[in-house]
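Dear colleague,

Please find below the structure that I am handing over to you. I would be grateful if you would read the notes under it with the structure open beside you.

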Amino acid sequence: MRILITAGPTREALDPVRYLSIRSSGRMGYALADAAVAGGHEVVLVSGPVSLPPVAGAEVVSVESARAMYEAVRDRLPGCAIAIFCAAVADYRPRNPADQKIKKIDGIMTLELERTEDILGSARSVFGFRGFLVGFAAETNEGRIHAREKLRRKGCDLLVSNDVSRPGTGFEALENEVCLHYADGREESLPRAVKTILAEEILRRIEALLPRHDDHGTALS
Ligand code: CTP
């Protein structure tokens, strides 16, 4: 199957030398891409700036900003059976990025920010994606309630939530502890594990929920 995965942070330019970004190593998304390639899938990895080696066997599309990630996803989503949105996309960008380096001033500087494109939220409503849609959620409190609400609002089949306030897991960590929220109301907590193991577990569950196809794309009963 063709699978699109977004990974890593985005960078939103303030001027030619500064940007706003999110603490994200990209490890979870890259681990999912690795697992998907190993499982024989055709993988498109749309990645923000990370310090990880490219995933062998995947088509890697490198982007910087939320807008560039949005456009890359929009252009590559058609034909995908599964889309996994793992990227830590900045929710805001500077409204008027400067062409020249901004000079420092005395006192307080105020930045005006505007919303970025909601890529996951556009998958169904704007891009018309009909495949299996997976979102991620980084929560710090009331995780369960927010996750269920996000799953419904963005039209996901599965939402993977993790509590980023716990030490040693989540953003930039090697390990993670996640809860899977399914569209039918089911919930499943996976034990804490390194992201490569979690990626395999998550992918196995997605595959199990999808109709099986032979090498020619014909559905198998
Ligand atoms: N996401 C996205 N585009 C954005 C923001 C988020 O595609 N501009 C995706 C992420 O990749 C992730 C999911 O949306 O799969 C959840 O991100 P999050 O920022 O937690 O979602 P929000 O609905 O913006 O939640 P909150 O209100 O907590 O910020």
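The notes below describe one serine and its strand, and then the aromatic rings.

Please keep in mind throughout that this is a predicted model.

I begin with Ser47, which belongs to strand 4, the run of residues 42–47. Is Ser47 buried or exposed? Its relative accessible area is 1%, and Ser47 is therefore buried, since the cut-off for that word is under 20%. The strand around Ser47 is mostly covered as well: of the six residues in strand 4, five are buried.

Which residues does Ser47 touch, once its neighbours within four places in sequence are left aside? The contacts are Ala7, Tyr30, Val61, Ser62, Val63 and Met69. With one of them, Tyr30, there is also a polar contact: the two side chains are joined at 2.7 Å. Another, Ala7, stands opposite Ser47 in strand 4.

The pairing of the strands gives these contacts a setting. Strand 4 pairs with strand 1 (residues 2–7) in the parallel sense, over six bridges. Strand 4 also pairs with strand 5 (residues 59–62), again in the parallel sense, over four bridges. As an example from the pairing with strand 5, Val44 has Glu59 as its bridge partner.

I turn now to the aromatic rings. How many aromatic pairs does the structure hold? There is one. A pair of this kind is described by the distance of the ring centres and the angle of the planes. Here the partners are Tyr70 and Phe127, with 5.0 Å from centre to centre and 55° between the planes, and the pair is tilted. Tyr70 is found in helix 2 (residues 66–76), whereas Phe127 is in the loop between helix 3 (119–125) and strand 9 (132–139), so the pair ties together parts that lie 57 residues apart in sequence.

Finally, two arginines lie over the faces of tyrosine rings. Arg115 is placed over the face of Tyr92, at 5.7 Å from the ring centre. Arg186 is placed over the face of Tyr182, at 4.0 Å from the ring centre.

Yours sincerely,
A colleague

Technical notes
Residues are numbered from 1 along each chain as its sequence is written. This is a predicted model: local features need pLDDT of at least 70, side-chain atom pairs count only at pLDDT 80 or more; totals for chains, interfaces and linings use all residues. Side-chain values use heavy atoms; hydrogens and water are left out. Helices (H or I, at least four residues) and strands (E, at least two) are DSSP runs, numbered from the N terminus. Buried means under 20% relative accessible area, exposed over 50%, partly exposed in between (1.4 Å probe, protein chains only). A polar contact is a pair of N or O atoms within 3.5 Å; within protein, one must be able to donate a hydrogen and the other to accept it, and residues adjacent in sequence count only if both atoms are side-chain atoms. Contact means heavy atoms within 4.5 Å. Two strands pair if DSSP finds at least two bridges between them. Rings of Phe, Tyr and Trp (its six-membered ring) pair if their centres lie within 6.5 Å; planes under 30 degrees apart count as stacked, over 60 as edge-to-face and the rest as tilted. A charge sits over a ring if NZ of Lys or CZ of Arg is within 6 Å of the ring centre and within 35 degrees of the ring normal.
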